Amino acid sequence: MAGGEEDMEIEVEKTKDTGDDSSGSIKGKPSESKTSGYELPWVEKYRPLKLHDIVGNTETISRLEVFAKEGNVPNVIIAGPPGTGKTTSILCLARALLGPSFRDAVMELNASNDRGIDVVRNKIKMFAQQKVTLPKGRHKIIILDEADSMTDGAQQALRRTMEIYSKTTRFALACNASDKIIEPIQSRCAVLRYSKLSDKQVLDRLLTVCEKENVSYSDDGLEAVVFTAQGDMRQGINNLQSTFQGFGHVNSENVFKVCDEPHPLHVKNMLDHCVNGNIDEAYKIMHSLWKLGYSPEDIITIVFRVCKTHNMPEYLKLEYIKEIGYTHMRIAEGVESLLQMSGLLAKLCKKSAVPATGQ
């Protein structure tokens with residue numbers, strides 16, 4: 001069986017080598033198909049292994065580095081938006097603390113695992129009871145990723161387990177919303193909060209990946225990737241890889257084909273027409289976005305993000321954001337019609353027509 005696998009690997013290598021000759025038109029792409037195409041997604045390939053390599057949230061990371069040096073780690077809850085490095089931070093902390101014992105002394109459970117009350121009573125308890133030889137002052141670590149999706153019953157069962165095995169085991173919980181974790185568990189843990197990454201932090205990391213993977217890109221392409229990422233590093237790197245492997249070149253047009261969001265330039269043109277009071281032209285753009293199949297939620301989110309940075313008078317921007325907020329609330333309540341979106345455009349045009357003193 002092992003010999004068969006080796007043959008298959010040799011055959012794959014041959015096909016990749018022959019592919020090199022035929023696709024030499026895009027600089028650097030053949031070598032990338034060898035590495036990223038057959039190995040890991042870039043998100044995993046460039047996942048930091050040490051705490052100081054993690055991008056953003058420097059204050060929180062520095063606290064974790066202190067834990068790693070001193071060794072006496074409390075139970076921790078790390079809360080924050082997706083793609084900000086919560087799970088990576090915990091894994092880096094575990095590596096720094098445990099070194100070679102990482103494999104034996106760490107158990108990771110996430111939402112894909114069954115984490116009902118039975119798992120807490122059996123699997124987690126069994127792991128906590130296991131004897132593992134560790135350096136002095138080090139503990140086994142149980143990582144519960146996406147802990148806010150655990151049932152109340154499982155969380156209640158966990159609270160006593162955390163106390164009983166506190167001499168040998170530490171718990172690290174990662175979640176998007178810490179208020180979904182029951183109070184008794186929160187009181188037993190140090191709560192660390194992560195915030196979204198800035199556009200500059202995401203861009204710096206993307207440039208590093210582009211350099212290592214020899215990615216062909218334009219400035220507007222990376223700007224588009226950062227815009228779609230919205231502070232989520234995982235999303236940004238995934239979008240970069242999808243665009244590069246799909247089109248061979250990362251530019252604005254290709255990024256929005258892959259991510260399939262309403263293009264900000266179309267939305268900006270629509271807002272320009274609203275500022276000028278031209279309802280007909282604004283409606284044409286809105287109707288074209290609607291016909292492309294974008295949901296009202298997608299459209300209103302991009303409208304708000306573009307409006308925030310639009311070059312219009314300040315008083316008008318405040319009024320626009322207020323009206324966009326009201327429309328977003330109605331959409332969230334279930335009124336998702338083209339009429340609702342058209343009504344927004346009419347209100348925005350009306351705000352432009354009325355002088356500031358007359359309001």
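Biologist: Is asparagine 278 buried, partly exposed or exposed?

Modeller: This is a predicted model, so every value here is computed from predicted coordinates. Asparagine 278 has a relative accessible area of 31%, so the residue is partly exposed.

Biologist: Where does asparagine 278 lie?

Modeller: Asparagine 278 is in the loop that runs between helix H14 (264-275) and H15.

Biologist: Which residues is asparagine 278 in contact with, leaving aside its neighbours within four places in sequence?

Modeller: A contact means heavy atoms within 4.5 Å. For asparagine 278 the partners are His273 and Cys349. Cysteine 349 is 71 residues from asparagine 278 in sequence, yet their C-alpha atoms are 7.0 Å apart in space.

Biologist: What share of contacts in the protein join residues at least 24 apart?

Modeller: Take the contacts between residues at least 6 apart in sequence: 73% of these join residues at least 24 apart.

Biologist: Let us turn to another loop. Where is histidine 310 found, and is histidine 310 buried or exposed?

Modeller: The loop between helix H16 (296-308) and helix H17 (314-332) holds histidine 310. The cut-off for buried is under 20% relative accessible area. Histidine 310 has 8%, so this residue counts as buried.

Biologist: Which residues does histidine 310 touch?

Modeller: Not counting residues up to four places away in sequence, histidine 310 touches Lys268, Leu271, Asp272, Val275 and Lys317.

Biologist: Now the charged pairs. How many salt bridges does the structure hold?

Modeller: To count as a salt bridge, a side-chain nitrogen of Lys or Arg must be within 4 Å of a carboxyl oxygen of Asp or Glu. The structure holds 11 salt bridges. One of them pairs lysine 45 with glutamate 213, with the closest N and O atoms 2.8 Å apart.

Biologist: Why does the pair of lysine 45 and glutamate 213 tie together parts that are apart in sequence?

Modeller: Look at the elements on each side. Lysine 45 belongs to helix H3 (residues 42-45) and glutamate 213 to helix H10 (residues 199-213), so the pair ties together parts that are 168 residues apart in sequence. As for accessibility, lysine 45 is partly exposed at 30%, whereas glutamate 213 is buried at 1%.

Biologist: What is the spacing of glutamate 281 and lysine 284 in helix H15?

Modeller: Glutamate 281 and lysine 284 are three residues apart in helix H15 (residues 279-291), about one turn of the helix. They form a salt bridge whose closest N and O atoms are 3.3 Å apart. Glutamate 281 is partly exposed at 30%, while lysine 284 is exposed at 51%.

Biologist: Which residues do salt bridges that share partners join into one network?

Modeller: Glu319, Lys322, Glu323 and Lys351 are joined in this way.

Biologist: To finish, the whole chain. How many helices and strands does the protein have, and what percentage of its residues is buried?

Modeller: The protein has 18 helices and five strands. Of its 359 residues, 45% are buried. The accessible surface comes to about 19,200 Å², and carbon and sulfur atoms account for 51% of that area.

Notes: Residues are numbered from 1 along each chain as its sequence is written. This is a predicted model: local features need pLDDT of at least 70, side-chain atom pairs count only at pLDDT 80 or more; totals for chains, interfaces and linings use all residues. Side-chain values use heavy atoms; hydrogens and water are left out. Helices (H or I, at least four residues) and strands (E, at least two) are DSSP runs, numbered from the N terminus. Buried means under 20% relative accessible area, exposed over 50%, partly exposed in between (1.4 Å probe, protein chains only). Accessible areas come from the Shrake-Rupley method with a 1.4 Å probe; for residues, only the protein chains shown count as cover.
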